[in-house]
Amino acid sequence: MPVEVDPDGLGASGLALGGVATRFGQALTAFRAELAGFGRPWGSDDIGSLIGAAHDEVSAFAFECFGTALAEISAAGADLGEMATRYAETEAAITRGFDGMRRALGD
């Protein structure tokens, strides 16, 4: 079964993933700011300190995971864009090669 690659489709998908990464990054920044806006509503007594410590650890881990996901989405978009460019360049080189062969053969 032949494999067909659509460089324009790859490029468009890469741009779309880049847009997703941008929007996700903006949403993540807004969410972090919203959480910070709540302050420390659990207080500073013994129980509040325990809740605060747990919150800090969980949110730090969550934001680290979100950051990793953001980086991966962004990288995937860039990789698709690069693949699209390489496929288009390869197809153009093949076409030029065939055109050169046709001219050399007199067709």
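What we have here is a predicted model, in which local features need pLDDT of at least 70 and side-chain atom pairs count only at pLDDT 80 or more, while totals for chains, interfaces and linings use all residues. Residues are numbered from 1 along each chain as its sequence is written, and side-chain values use heavy atoms, with hydrogens and water left out.

Let me begin with the overall form. The chain has two helices and zero strands, where helices (H or I, at least four residues) and strands (E, at least two) are DSSP runs numbered from the N terminus. The radius of gyration, taken over C-alpha atoms, is 25 Å, well over the 13 Å that the globule rule gives for 107 residues, so the chain is more spread out than a compact globule; that rule is 2.2 Å times the number of residues to the power 0.38. Along its principal axes, the C-alpha trace spans about 90 × 20 × 20 Å.

Turning to helix 1, this element covers residues 7-37 and reaches 45 Å from its first C-alpha to its last, close to the 45 Å expected at 1.5 Å a residue, the expected span being 1.5 Å times one less than the number of residues. Its buried residues include Gly-11, Gly-14 and Leu-28, and the buried residues of helix 1 pack against helix 2. Here buried means under 20% relative accessible area, exposed over 50%, and partly exposed in between, with a 1.4 Å probe and protein chains only.

Now to the salt bridges, each of which is a side-chain nitrogen of Lys or Arg within 4 Å of a carboxyl oxygen of Asp or Glu; by this rule there are three. In one of them, Arg-40 pairs with Asp-56, with the closest N and O atoms 3.3 Å apart. Arg-40 lies in the loop between helix 1 and helix 2 and Asp-56 in helix 2, so the pair ties together parts that are 16 residues apart in sequence. Returning to the opening pair, Arg-86 and Glu-82 meet in a salt bridge at 3.5 Å, N to O, and Glu-82 is partly exposed at 41% relative accessibility. Asp-99 and Arg-102, three residues apart in helix 2, also form a salt bridge, at 2.8 Å between the closest N and O atoms.

How values were computed
Contact means heavy atoms within 4.5 Å.
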